[in-house]
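Dear colleague,

Please find below the structure that I am handing over to you. I would be grateful if you read the notes that follow with the model open.

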Amino acid sequence: MDFALSKEQLIIQNIAKEFAEKQLEPIVDQIELENAIPESVLKAMSELDFFALPYEEKYGGAGAGYDGYVLVVEQIAKVSRAVTAVISAHTLGLGAITKFGTEEQLKKYLGPCCKGEWIASFAFTEPSTGSDPKQITTTAVKDGDYFVINGTKRFISNAVYDGPMVTFAKDVISGKPTAFIIDKFTPGYSISEPWHKMGTRGQKLVDVYFKDLRIPAANLLGELGQGYPILRYGISFGKIGISANGLGSIASSLEQSVKYAKEKVHRDGVIAKFPTIQTKIADLAIMLESARWLTYRLGFLANDIKDQTDFIKNAALTKTFVSEMAVKSARLAIEIHGSYGLMEDYKTARDYRDAIFGPLTEGVSDMQKIIVAGILLKD
Ligand SMILES: Cc1cc2nc3c(=O)[nH]c(=O)nc-3n(C[C@H](O)[C@H](O)[C@H](O)COP(=O)(O)OP(=O)(O)OC[C@H]3O[C@@H](n4cnc5c(N)ncnc54)[C@H](O)[C@@H]3O)c2cc1C
C-alpha cells in the first residue's frame, strides 16, 4: 500500500493546477455570465491531453490512467465545474466505448476524441425517466444494414459538440434497451436550446431529438438487448469524474473557508478564534481527506478492473459519498462566511450551486445506494 503520488502523477497534477489557476481562473466569471466555455479553453485542454488521459497510447491516448485523470479533474474542479463537466461526460461516453466497443469502433472514435477534435456524450435520460431503463421509449428499428432511431433524450451533456454519442434505445427485435453509437449532427439529429440551470453554468445541457436517424448496423455497441449491463457498467466511468469534481469542490470550500476565517475580524481578533469556526474547518478537512482517498482509489481501481461488479459498487458508493460531501462542504463554507457567503463576490455561492448537481447526476444518490445494497445483499 503506497499513498504517495508518483513523479509522473505529481507532474500531471501540477500541469492541471497551473492550467486551472492561470488559464481558467481569470475567465471563470465570464464563463458563468455568458454561459459558454470559450473555444480557446477546449483547445488548450486538447493540447494538454486532458481529453485523452486514461486511454491507451496505441489508440491515441495519453496513457495516464484513471488515477491521472482524477488528479486533473480535481485541480480543474477547484476552479470551474463547468469545464470538468465537459471532460467528465466525455470520459463517460468513451468509457462505454472502450469497454464494449469493437476494435473498429475504438480505432474510429478514440483517435479524434483523444485529440479533442470530437467530444463524446452518453445519452440515457429521457423525459419520462433518468433512473429506470425499462421506461425508455426511444426505439431502434433494423432496416437492412442500418438501424433507424427515433426518440428524445433529456439533459444531455456535450450534445452541442461533434463526436460520438453512446445512446440507448429499445430495439424492436429484443424489446430490450440496446446501446448504439451515434455520430452527432448527422441527419436526423437535432438539439433544443440549452436548459437554464442553477449551476455549472457554461456547460450546456440540451435535449436531443432523434428523428429517423439512420446509423450503420456496425454502430451497435455490444449486443442487441445488452443495453442495461452496458449502462450499469459504462456509467461507472462517469462516476469517477463526478467524484473527482466533488473532490475539487470540497477542496475549494476548505480553501475559501480557511482564508476567510483568518481574514474576517471580530472585536480583537479574527473569526478563526471561535471554536465553532474551528470545528467547521476540521469538518471540512475530514470531508476532504476521506473524499480524496476514496476518489483516488476509484481512479486506481478503474485502471485494472478485475471484478466488474465490485467496480460498479465502488463507483456508486464513492460518487454518493463525495458528491454529498461536496454539497455539505459548500454549505459549511457559506456558514463560515455568514451572509457574505451568499454574495457573488465570494466563490462559496457558486461552489454551492455547482455542488448540488453531483448527487443528482449519473444516477441520483438513492439509486446508488440501491445499487450498493443490491450487490452486498445478493445471495
Ligand atoms: C448537469 C446535468 C448533466 C446531465 N447529463 C446527462 C447526460 O449527459 N446523459 C444523461 O443521460 N443524463 C444526464 N443528466 C440527467 C441525470 O442523469 C438524470 O436527471 C438523473 O439520473 C435522474 O433522473 P431523473 O431526473 O429523471 O429522476 P427520476 O428517475 O425521475 O427520479 C426522481 C426521484 O425519484 C426517485 N426514484 C426513482 N426511481 C426510484 C426507485 N426505483 N427507487 C427509489 N427511488 C426512486 C429518485 O431517487 C429521485 O429522487 C444530467 C443532469 C444534469 C442536471
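A polar contact is a pair of N or O atoms within 3.5 Å. Please keep in mind that the model is predicted.

**The ligand**

At Phe122, a polar backbone atom is found 2.7 Å from a nitrogen atom of the ligand. The side chain of Asp366 takes part as well: one of its polar atoms is 3.2 Å from an oxygen atom of the ligand. Which residues come nearest to the ligand? There are 20 residues around the ligand, and those that come nearest are Phe122, Phe124, Thr125, Gly130 and Ser131.

**Helices α5 and α7**

Helix α5 covers residues 81–100 and helix α7 covers residues 227–263; their axes come within 8 Å and cross at roughly 155 degrees. Angles over 145 degrees count as roughly antiparallel, and α5 and α7 are therefore roughly antiparallel to each other. The crossing in which α5 passes α7 is right-handed. On the α5 side, the contact includes Arg81, Thr84, Leu92 and Phe100, while on the α7 side Pro229, Tyr233, Phe237 and Asn245 are among the residues involved. Sorted by class, the contact of α5 with α7 has nine nonpolar, 10 polar and two charged residues.

**Helices α9 and α10**

Helix α9 (residues 308–337) packs against helix α10 (residues 347–355) at an angle of about 155 degrees, and their axes are 9 Å apart. That angle makes α9 roughly antiparallel to α10. The crossing of α9 and α10 is left-handed. From α9, the contact is made by Ser323, Ala326, Val327, Ala330, Arg331, Ala333, Ile334 and His337, and from α10 by Thr348, Asp351, Tyr352 and Ala355. By class, the contact of α9 with α10 has seven nonpolar, three polar and two charged residues.

**Phe357**

Where does Phe357 lie? Phe357 is in the loop between α10 and α11, the latter being residues 365–377. Leaving aside residues up to four places away in sequence, Phe357 touches Lys197, Met198, Gly199 and Thr200. Phe357 and Thr137 are 220 residues apart in sequence, and their C-alpha atoms are 25 Å apart in space.

**Helices α1 and α3**

The axes of helix α1 (residues 7–24) and helix α3 (residues 39–47) come within 12 Å and cross at roughly 160 degrees. α1 and α3 are therefore roughly antiparallel to each other, and their crossing is right-handed. Phe19, Gln23 and Leu24 of α1 meet Val41, Ala44 and Met45 of α3. The residues of this contact of α1 with α3 divide into five nonpolar, one polar and no charged.

Yours sincerely,

A colleague

Conventions: Residues are numbered from 1 along each chain as its sequence is written. This is a predicted model: local features need pLDDT of at least 70, side-chain atom pairs count only at pLDDT 80 or more; totals for chains, interfaces and linings use all residues. Side-chain values use heavy atoms; hydrogens and water are left out. Axes are lines fitted to C-alpha atoms, for helices over the stretch in contact, and angles run from 0 to 180 degrees between N-to-C directions. Helices (H or I, at least four residues) and strands (E, at least two) are DSSP runs, numbered from the N terminus. Angles under 35 degrees count as roughly parallel, over 145 as roughly antiparallel, 65 to 115 as roughly perpendicular and the rest as oblique. A crossing is left-handed if the near helix is turned anticlockwise from the far one by less than a right angle, and right-handed if clockwise. Contact means heavy atoms within 4.5 Å. Ala, Val, Leu, Ile, Met, Phe, Trp, Tyr, Cys and Pro count as nonpolar, Asp, Glu, Lys and Arg as charged, and the others, Gly among them, as polar. A residue is near a molecule or strand if one of its heavy atoms lies within 4 Å of it. A polar contact is a pair of N or O atoms within 3.5 Å; within protein, one must be able to donate a hydrogen and the other to accept it, and residues adjacent in sequence count only if both atoms are side-chain atoms.
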